[in-house]
Amino acid sequence: MQAQCSQCSTRIQVDDTKVPDRPFKVRCPKCQAVMTLPGREADSPPAPEAEPPASALEAPPPPSPAALARRERAQAGGNDALIALSGPAAVGLRQALESLQFNVDSVDDIEEGAHLLEQGVYEVAVTARTPPERGKPETLAQRMLRLPLDARRRVFVILVGEEFRTADGTQAWAAQADLVVNPADAGRCEHLIRSTMAERKRLYQPLVDARRRIESE
């Protein structure tokens, strides 16, 4: 699939094998604008429609507030976070991220989640370092290790596990995460996430600025 950035007109190539059936978001590699592209289903010919009943000829209902907010968020490139986690820890971390003004999505398809992260759609990824479920080859944590280095560096990774001591820097470094959280602390780590993200930005921002200067030349 090919697309053109609506902001800077850069042509974007998306691997056809990674295009999902539903609409999805991509980030322009040049200006970082986020766009929503039609999924694979948009390329399929529409099925013949039967004659609609008279009641169906009425005007369709307007989009819900949630749908409008999501559309505006995609166009504006808002702060988005991805959670591939379940249970009380997922609830606690979702609340913490939402209080930090993140729009939080969940994902069940590991490959789709990794593709979205590679495209730069999400700034934060929350998952657990656990064995993969039966029938699934790997977890999102394992899949992220195979992302291109540049894509991996753009994502603030939070790993959750019983073996972790919350905010232990040595464990985070060994697990290739930005922050590790014990499930028992998931509901009270808003300040910790904020401070860790600020420190990471302080360290990485000079590298990001340098790269943008090189790309603009």
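Which residue with a positive phi follows H2? That's Gln-101, with a phi near 70°.

## What you're looking at

This is a predicted model, where local features need pLDDT of at least 70, side-chain atom pairs count only at pLDDT 80 or more, and totals for chains, interfaces and linings use all residues. Residues are numbered from 1 along each chain as its sequence is written, and side-chain values use heavy atoms, with hydrogens and water left out.

## Helix H2

Ala-89, Ala-90, Gly-92, Leu-93, Ala-96 and Leu-97 of H2 are buried (under 20% relative accessible area with a 1.4 Å probe, protein chains only; exposed is over 50%, partly exposed in between). They sit on the same side of H2 because they cover an arc of only 165° around the axis, taken from the directions from the helix axis to the C-beta atoms. Over on the other side, Pro-88 and Gln-95 are exposed.

## The nonpolar cores

The largest nonpolar core has 22 residues, and Leu-117, Leu-140, Met-144 and Leu-159 touch the most other members. (A core is a set of buried Ala, Val, Leu, Ile, Met, Phe, Trp, Tyr and Cys residues joined through side-chain atoms within 4.5 Å.) H3 gives this core its largest share, four residues.

A second, separate core of 20 residues includes Val-126, Ile-158, Cys-189 and Ile-193.

How values were computed. Helix = DSSP H or I, 4+ residues; strand = E, 2+ residues; numbered from the N terminus.
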